[in-house]
Amino acid sequence: MAELSDVSREILERLRRLREADAATHGGRVLSYVYDSGLAELDELSAEAMRLVQPVNGLDPTAFPSVAALERDVVGFARQMLHGDADTVGSITSGGTESCMLAVKTARDVWAAAQVSGDPATQPMLALRPRIIAPATVHAAFHKAAHYFGLDLDLVPVDATGQVDVNDLRARFGPDVALVVVSAPSYPFGVLDPIADVASAAAHHGIPCHVDACIGGFALAWWGDDLPPWDLAVPGVTSISADLHKYGYAPKGASVLLQRDRDRQRQQFFATARWPGYPVVNATLLGSKSAGALAAAWAIVQRLGGEGFAELVSSCRRSTEKLHTRIDDIVGLRVVGSPTGPLLAVETDATVPKRSRVDPHHWADRVSELGFTLQLQPGFTQSNGLTLPHTTHLTITPVTERMLPELTAALTQAADDVRGKARATPRFAVQALRMSGALGRELTADRAQALLSRFGVGANPGNAGSASTPLPAKMAPLIALVEQLPSEFAERLLIEVLARQVEPPTAP
Ligand SMILES: *Cc1c(COP(=O)(O)O)cnc(C)c1O
């Protein structure tokens, strides 16, 4: 290894200082985004694996056969874990979003090919946009996929606990449906969708069915034998996604997408020989790509094996069940429905008198002051008018177990501190916006920024050239505002917040 010069050392020191502002990636204080196995050795192993492939280009596994070997091994492990057979093939993608997007792109192209080759009487279908059917709790990655690839997303309302009725899905089947998506489990409330019923109904109509096991895959596989079948063991399931960078404990940038048969999967690829450069053949969205996260995931899979995963998952299950009970014991709060897997959503218990109720967002803000970061989820009104509650989300990982006493104390203390406090209502802000006519006008970047500073949300703190207010410490009022505003308007404001984060400073 080459010795680092003082200049390089100083650069790394600056990077270390920048990292100090980040959410804690280890230690179990952040219950979303990060998945800490609690095993320091796994982190070392994956860092070293990433370093070994650092200069490699994953674009071309014929030039870099190590990349193909790693991918074969990880796909093979996932295929066995998810009960695929010899005709199940797969790819490693950059993450859950890419796996979901590719499942949708594949389904769209299979659907389109069938329109062209099929009965001429059905060919007018080509003029239609293909449609995806999914419960309203399906991950936003499918909203993104529909948007990017030109499909309609037909969201089927769920009940107040996040459960979907199979008949409501079935009632929407039609010749324009390219894909049905179910989750194992869904992110917002941790619900395991009725996968066997949906997949069999879909198969009956010749519609493919994707199981989004992005978050659940590497956890449910070892959760216990009290689960109904949810993976490729279910007939009618045509593809499934499972993220290595969640309960596979790999660094960000790795997920598996498995497809039931080769011919279907070939529609996932893009190939062109119609340009003057090298022939391009890509199974995934990127061209040149890092093999780092793949190598780390591979090393972790080798190190843990089924038994290692099973041990880590049993810790997650113990912690989840304890937290579920503790939270239900807190007056004014309760866990939404009956989640499956290491996720919980918490809502106000409306069966107790108002003064005893706890607002989950004020609660999360208070928990944050006590040292743990939970994730606030806005309420959501579905197409049938049924509103799903605003909740607070907890993702439980193996490291949670050693934090349980401190965590449950903070959860209880925070509830005591905010019990009876009414939910944040940004009614006046929204009214003021309506009156000013801002809601009707198109938002330019500058107008959006001006509105944001009125709400106390500023530009990036590093930008000396703009009035810099950092992001607010309390999230409840911000999420309430997002809920109250028309979605498109809220989305535009959120884009502005994020876009301004990375604007280089203007000259003073
Ligand atoms: C995390 C997640 C995704 C998207 O995955 P990213 O890795 O964040 O891109 C998709 N579906 C579900 C259910 C998820 O939890």
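I looked up K246 and found an N or O atom of its side chain 3.1 Å from an oxygen atom of the ligand. I count a polar contact as a pair of N or O atoms within 3.5 Å. Taken alone, the ligand exposes 380 Å², and the protein buries 85% of that. Accessible areas are from the Shrake-Rupley method with a 1.4 Å probe.

The model is predicted: local features need pLDDT of at least 70, side-chain atom pairs count only at pLDDT 80 or more, and totals for chains, interfaces and linings use all residues. Residues are numbered from 1 along each chain as its sequence is written, and side-chain values use heavy atoms, with hydrogens and water left out.

Next I checked H245. A polar side-chain atom of H245 sits 2.7 Å from an oxygen atom of the ligand. For D212, a polar side-chain atom lies 2.6 Å from a nitrogen atom of the ligand.

Last, I turned to strand β11, residues 343-348. Six of its six residues are buried, meaning under 20% relative accessible area (1.4 Å probe, protein chains only). Strands are DSSP runs of E, at least two residues; two strands pair if DSSP finds at least two bridges between them. β10 (residues 333-335) runs antiparallel to β11, with three bridges. V335 stands opposite V346. β15 (residues 391-395) is also antiparallel to β11, joined by four bridges. There, A345 has H393 as its bridge partner.

Methods. Buried < 20%, exposed > 50% of the residue type's maximum accessible area, 1.4 Å probe, protein only. Polar contact = N/O pair within 3.5 Å; in protein donor to acceptor, adjacent residues only side chain to side chain.
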